[in-house]
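Me: Hi! I'd like to talk through a model with you, if you have a minute. Here it comes.

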Amino acid sequence: MDIGRNDPCFCGSGKKYKKCCINLNKEEIQPSITIDAPFEEVDRDIEQGYTFFYKNEASQACDYWVAAWMKCLEWIAVSDIKDIQEADRLIDDRMTGHHLLFNWVQDFDMALERAGHKDERYIQVRIDFAKQFRHHFPESNSNLLFNMGTAAAEGLFLIGEVTKGERLFEQITKEYDNPWGYIRWGDMYNSLIFPKLANVDKEKAVQLYEKARAMSEDQDALEGVKERMEDLV
């Protein structure tokens, strides 16, 4: 999907793209790398972030990784790459021993989730990151795209945008025909998983878990539903 800087942003905020999801912190990104530039600087930021990530210091890891992601966005904006693993293959042709973006973006999402428990600012960053990933890499691994979609939906619930979160969960679950969409959606109403959410609703959680069970033959998903239903009794 092509979008100009002055077009309405794809996330539905009503803002222009250049004032919204073109970056994470709503500030103009200053050029730092080009499509032909090596990724040493990005890789250094990723490596620095991992030094904190492995010490369970998620916020500090995210601060480095936000910088790395913004630099990646510059390069992505002028490339035709739609698959994160294709980006890894291209980078591998230029430098060896680099961190795989495919693995890193999943750790980045995990770190943002953890950081969001302590500082709500990271919840919005996670939403932006997940939406941007799906926008820029729509041909990536389907499980990764699904997980990014549910990450954004979960974030919307956590910042009180329940209606938007509901719509996104429904869209993602149907798009990928994945029972874990209903399970994670149900978790948003499960006080045992998210006790601080204002929209706790045991009955709705059970309804969503039942939908997951009805559509699934996956043993892990069925076990996830069973455990949650037993805990709610």
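This is a predicted model: local features need pLDDT of at least 70, side-chain atom pairs count only at pLDDT 80 or more; totals for chains, interfaces and linings use all residues.

Me: OK, and which side chain does Lys-71 meet in a salt bridge?

Reply: That would be Glu-41, with an N to O distance of 3.0 Å. The pair links distant parts of the chain: Lys-71 sits in helix H2 and Glu-41 in helix H1 (residues 40-53), 30 residues apart. Glu-41 counts as partly exposed, since its relative accessibility is 30%.

Me: Which residues do salt bridges that share partners join into one network?

Reply: Arg-228 belongs to helix H10 (residues 219-232) and Asp-187 to helix H8 (residues 179-187), 41 residues apart. Arg-228 is buried at 17% relative accessible area, and Asp-187 counts as buried at 7%. As for the network, it joins Glu-41, Asp-45 and Lys-71.

Me: Nice. How many salt bridges does the structure hold?

Reply: It holds 10. Another one of them pairs Glu-170 with Lys-174, the closest N and O atoms being 3.1 Å apart.

Me: How many residues apart are Glu-170 and Lys-174 in helix H7?

Reply: They are 4 residues apart in H7 (residues 162-176), so about one helical turn separates them. Glu-170 is partly exposed at 35% relative accessible area, while Lys-174 is exposed at 56%.

Me: Back to H2. How many of its residues are buried?

Reply: H2 is mostly covered, with 15 of its 20 residues buried.

Me: And what span should H2 have?

Reply: At 1.5 Å a residue, its 20 residues should span 28 Å, and the end C-alpha atoms are 27 Å apart, so the two agree.

Me: Switching topic: which residues touch the most other members of the largest nonpolar core?

Reply: Trp-69, Trp-104, Phe-108 and Phe-133 do, in a core of 65 residues. Helix H2 (residues 58-77) gives the most to this core, namely 12 residues.

Me: Last bit, the overall picture. How many helices and strands are there?

Reply: There are 10 helices and 0 strands. Of the 233 residues in the protein, 48% are buried. Among contacts with a separation of 6 or more, 55% come from residues 24 or more positions apart. The accessible surface comes to about 12200 Å², and carbon and sulfur atoms account for 47% of that.

Key: Residues are numbered from 1 along each chain as its sequence is written. Side-chain values use heavy atoms; hydrogens and water are left out. A nonpolar core is a set of buried Ala, Val, Leu, Ile, Met, Phe, Trp, Tyr and Cys residues joined through side-chain atoms within 4.5 Å. Buried means under 20% relative accessible area, exposed over 50%, partly exposed in between (1.4 Å probe, protein chains only). Helices (H or I, at least four residues) and strands (E, at least two) are DSSP runs, numbered from the N terminus. Contact means heavy atoms within 4.5 Å. Accessible areas come from the Shrake-Rupley method with a 1.4 Å probe; for residues, only the protein chains shown count as cover. The expected span of a helix is 1.5 Å times one less than its number of residues. A salt bridge is a side-chain nitrogen of Lys or Arg within 4 Å of a carboxyl oxygen of Asp or Glu.
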